[in-house]
Amino acid sequence: MKLLILNGPNLNLIGSREPDIYGNEDFETMLTAWKKQYPQVELNYFQSNIEGEIIDQLQVCEGKYDGIIINAGAYTHTSIAIGDTVRAIKVPVIEVHLSNVMKREEFRHVSYISPAADGVVSGFGMKSYELAILHFINS
Ligand code: DQA
């Protein structure tokens with residue numbers, strides 16, 4: 001099984017960015033741990049701060065991946081284009097967030113990705129990604 005974890009803007013700063021909200025763990029360390037823990041999965045990772053690059057990456061996933069785990073960061077709440085791309089591709093997509101976006105500011109309550117995604121995991125820190133990985137392993 002091949003999965004892509006696709007992170008959007010500012011998620012390269014995880015571990016140092018607002019640790020009270022996003023925690024202290026950095027993404028690369030977690031990725032190494034998941035790769036060890038779930039050897040049956042080929043786990044690839046892509047991060048970009050640029051909306052168009054996220055769209056390009058989603059478009060080339062067709063036929064290459066069995067699933068995509070996307071945290072589009074703030075683009076979640078603004079990008080009709082990323083929502084459209086998720087709708088346009090056939091690869092199953094799970095939207096994840098480290099924080100519980102519904103518990104935060106109102107502008108974070110809107111997601112242009114959720115209506116197009118197969119599921120949403122939000123509020124479990126790094127475990128949000130792991131729960132999405134487990135979803136693909138178990139389905
Ligand atoms: C986030 C939540 C977004 O609202 C925010 O803009 C992020 C991170 C999360 O993982 O909790 O960049 O997607």
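Glu95 has Val120 of strand E5 as its bridge partner. E5 covers residues 119-122, and strand E4 pairs with E5 in the parallel sense over 4 bridges; two strands count as paired if DSSP finds at least two bridges between them. Helices (H or I, at least four residues) and strands (E, at least two) are DSSP runs, numbered from the N terminus. The model is predicted: local features need pLDDT of at least 70, side-chain atom pairs count only at pLDDT 80 or more, and totals for chains, interfaces and linings use all residues. Residues are numbered from 1 along each chain as its sequence is written, and side-chain values use heavy atoms, with hydrogens and water left out.

E4 also pairs with strand E3 (residues 67-71), and 3 bridges join these parallel strands. Ile69 has Ile94 in E4 as its bridge partner. Helix H4 (residues 80-88) belongs with E3 and E4 to a right-handed β-α-β unit. Right-handed means that, with the strands pointing away from the viewer, the path from the first strand over the helix to the second runs clockwise.

How many residues of strand E4 are buried? The number is 5 of the 5 in residues 93-97, so E4 is largely enclosed by the rest of the structure. Buried means under 20% relative accessible area and exposed over 50%, with partly exposed in between (1.4 Å probe, protein chains only). Val93, Glu95 and His97 are buried on one side of E4, and Ile94 and Val96 are buried on the other.

Next comes helix H2. H2 spans residues 27-37, and its buried residues are Phe27, Met30, Leu31 and Trp34. Seen down the axis of H2, these residues fall within an arc of 100°, so they line one face of the helix; the arc is that of the directions from the helix axis to the C-beta atoms. An α-helix has 3.6 residues a turn, so residues three or four places apart point the same way. The buried residues of H2 pack against strand E1 (2-7), strand E2 (42-47) and helix H5 (127-138).

Asn7 lies in strand E1 and is buried, with a relative accessible area of 0%. Not counting residues up to four places away in sequence, Asn7 touches several residues, including Phe27, Tyr45 and Tyr129; contact means heavy atoms within 4.5 Å.

Asn24 lies in the loop between helix H1 (19-22) and H2. At 62% relative accessibility, Asn24 counts as exposed. With the same exclusion of residues up to four places away in sequence, Asn24 touches Gly15 and Pro19. The C-alpha atoms of Asn24 and Gly125 are separated by 9.9 Å, and the two residues are 101 residues apart along the chain.
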